[in-house]
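My notes are below, in the order I checked them.

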Amino acid sequence: MNRITDLLNLREGEDNKEKILESVIKNISFKGANLWILACAILIASVGLNVNSTAVIIGAMLISPLMGPIVGAGFALGIYDFTLLKKSLRNLLTATLVSLTVSTIYFAVSPFKEVQSELLARTSPNIYDILIAFFGGIVGVIAVTRTEKGNPIPGVAIATALMPPLCTAGYGLATGQWTFFFGAFYLYCINCVFIGIATFLIVKYLKYPAKRQVDEKQQKQVRIIITLLTAVMLIPSAYLAFSLYREQQFLKNADLFIENEFSSKGYTVIYKKSTFTPAKKALELAFLTKRFSKKEIVHLDSVMDKNRFLAGAELVIRQDTSDRFSALKGDILNQIKGTENQINAKDVKIAQLKKQLAENSFDNIRILKESRILYPSLNALSISNHKLVNEKDSTVVNITAVLYGADKDLNAAEKEKFRKWLGQRLSLKSVELYRKQ
C-alpha cells in the first residue's frame with residue numbers, strides 16, 4: 001500500500017502554494033496584452049474553421065489565454081475565496097463576449113460561409129466531451145501546481161478546445177443558424193464547467209488553505225452549486241451521447257441488413273441513403289436489375305422490424321430503374337458534351353496562343369547572317385514586337401524593336417537603309433533600331 005501511495009502521491013514535486021496562487025490570480029485578468037492575444041487567437045481559430053484547417057485551429061488553441069479565469073474560478077471555489085470567484089467569472093464573461101463578438105464579425109464579413117467538417121464537429125456535444133474536459137482539466141491543474149510545468153499545458157489547451165466552440169457559436173450568430181450557436185455554446189459551457197470542477201477537486205485534494213473560514217452551511221451551498229452544474233451539463237450530454245449511439249447502431253445494422261438481404265444474394269445496390277433523425281428513420285435503396293414484388297417488400301419490412309435498431313424504420317425501394325437509367329444516361333451525355341466543349345475551347349485558345357507566338361517570334365540567327373552580308377560590322381541582333389500606349393488618348397501603336405550590336409556603329413544613312421530593308425524582309429510597317437550599349 002505504501003508503494004501504491006507513493007506512486008499516486010501528487011504532493012511530490014508540488015510548487016509553493018502561495019506562488020501557485022499568485023500565478024493563477026495573475027492569469028485571470030483580461031486586459032491589455034491578454035485581451036489582444038485573445039482577440040487574435042479567436043480570429044486565427046475562425047479562419048481555421050472557415051478554411052477547414054486543423055493545423056491553424058490547433059495553433060489558435062495553443063496561444064489562447066482562456067484557461068486562466070476558468071482555473072481561477074476552480075481555485076476560488078476550492079479555497080472559498082468568493083472575491084476571487086467573482087473576479088474570475090467577471091473576466092471569463094468578458095473573454096466570452098469579446099470572443100463571440102470577434103468571431104461573429106469575422107464570419108459576417110467573410111465571403112465563405114460553407115459549413116465545414118471542423119465547424120460541424122463542435123455542434124453536437126455529448127458525454128465524451130465531458131470526460132475530455134474533466135480529465136483534461138485534472139491534467140492541466142496538476143501541471144499548474146508542479147515545480148516543473150512540463151508538456152501537459154499545451155496538450156490540455158488542445159484537448160479541451162475552448163476556442164473552436166466559441167468561434168462556431170459566432171458562426172451561428174453571423175449566419176442565423178441557432179442550432180449551431182446553441183450546440184457550440186453548450187460545448188463551451190461543458191468545457192468551462194468541468195475544467196473548473198476538476199480544478200476544485202485537485203485544490204481540495206492538495207489541501208490548499210482556505211482564504212476564509214466558512215461554516216458547514218456555506219460548504220453545503222458550494223457542493224449543491226457544483227452538483228447542479230454537473231447535472232445541468234451531464235443530463236443533456238448523456239442524452240446526446242445516447243442519440244449518437246443509436247444513430248451509429250442504426251447505420252451499422254442498416255449496412256448489415258443490406259449485406260445479408262441483398263449483396264450476398266447477388267443484387268447490386270446502385271443507390272443507398274440512410275436517414276436517422278428524431279422524427280424519421282428511413283432506408284432508401286435502388287438496384288441495378290432486381291425488381292421486388294409487394295410480397296418480397298413486406299418480408300423485408302418484417303426482417304427490419306425484428307432488428308431492434310431498425311424497427312420502425314421506413315424501407316423505400318426505388319423500382320423506377322428505366323427512368324433512373326435514362327436520367328443517368330442524360331447526365332453522362334451532358335458531362336461528355338461539357339468535356340468536349342472544354343476541349344474545343346482549349347484547342348481554340350492554344351491556336352490563338354500559337355498565332356501570337358508566331359507573330360512575335362523571329363529567326364534572329366538567320367536574319368543576323370543575312371544582315372551581315374550588307375553590314376559586316378554587325379555582331380548581334382534581336383527582334384521583338386511591342387505595344388506602346390499613348391497616355392493622352394490611350395491609343396495603342398504596334399512597333400517592332402530591333403536591338404543590334406556592331407563593332408562600328410552605322411551612320412544615319414546606313415541605319416535608314418537597314419530599317420527599310422528589315423521592314424521589307426519581315427513584312428513589317430514600323431521598325432525601330434536600337435544599338436546595344
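**Entry 1. Ground rules.** I am working from a predicted model, not an experimental one. Residue numbers count from 1 along the chain as its sequence is written.

**Entry 2. Salt bridges, total.** I looked up how many salt bridges the structure holds. The count is 10. I noted the general point that side chains of opposite charge can pair when their charged atoms come close.

**Entry 3. Glu296 and Lys290.** I found these two joined by a salt bridge, with 3.4 Å between the closest N and O atoms. Glu296 has a relative accessible area of 30% and is partly exposed. Lys290, at 21%, is partly exposed as well. Buried would need a value under 20%, so I do not list Lys290 as buried.

**Entry 4. Glu370 and Arg425.** The closest N and O atoms of this salt bridge are 2.7 Å apart. I looked up where the partners sit: Glu370 is in helix α15 (residues 364-374) and Arg425 in helix α16 (residues 412-426). The two are 55 residues apart, and the pair links distant parts of the chain. Glu370 counts as partly exposed at 23% relative accessibility, and Arg425 counts as partly exposed at 33%.

**Entry 5. Arg435 and Asp409.** I recorded a salt bridge here with an N to O distance of 3.9 Å. Arg435 lies in strand β6 (residues 431-435), whereas Asp409 lies in the loop between β5 (396-406) and α16. The partners are 26 residues apart in sequence, so the pair ties together separate parts of the chain. Arg435 is partly exposed at 33% relative accessibility, and Asp409 is partly exposed at 31%.

**Entry 6. Second largest pocket.** I noted a volume of about 460 Å³. Its lining has 21 residues, and Leu89, Leu92, Cys192, Val193 and Leu229 lie nearest the centre. The elements giving two or more residues to this lining are α5 (67-78), α6 (82-109), α11 (178-205) and α12 (216-261). Which element gives the largest share of the lining? I found that it is α11, with 8 residues.

**Entry 7. Lining by class.** I sorted the lining of the second largest pocket by residue class. There are 18 nonpolar and 3 polar residues, and no charged ones.

Terms used. Predicted model: local features only at pLDDT ≥ 70, side-chain atom pairs only at ≥ 80, totals over all residues. Heavy atoms only, no water. Salt bridge = Lys/Arg side-chain N within 4 Å of Asp/Glu carboxyl O. Buried < 20%, exposed > 50% of the residue type's maximum accessible area, 1.4 Å probe, protein only. Helix = DSSP H or I, 4+ residues; strand = E, 2+ residues; numbered from the N terminus. 1 Å grid on protein atoms, 1.4 Å probe; cavity = no way out; pocket = protein on both sides within 12 Å on 5 of 7 lines; lining within 4 Å. Points joined across faces, edges and corners; volume = space filled by probe spheres on them. Nonpolar A, V, L, I, M, F, W, Y, C, P; charged D, E, K, R; others polar.
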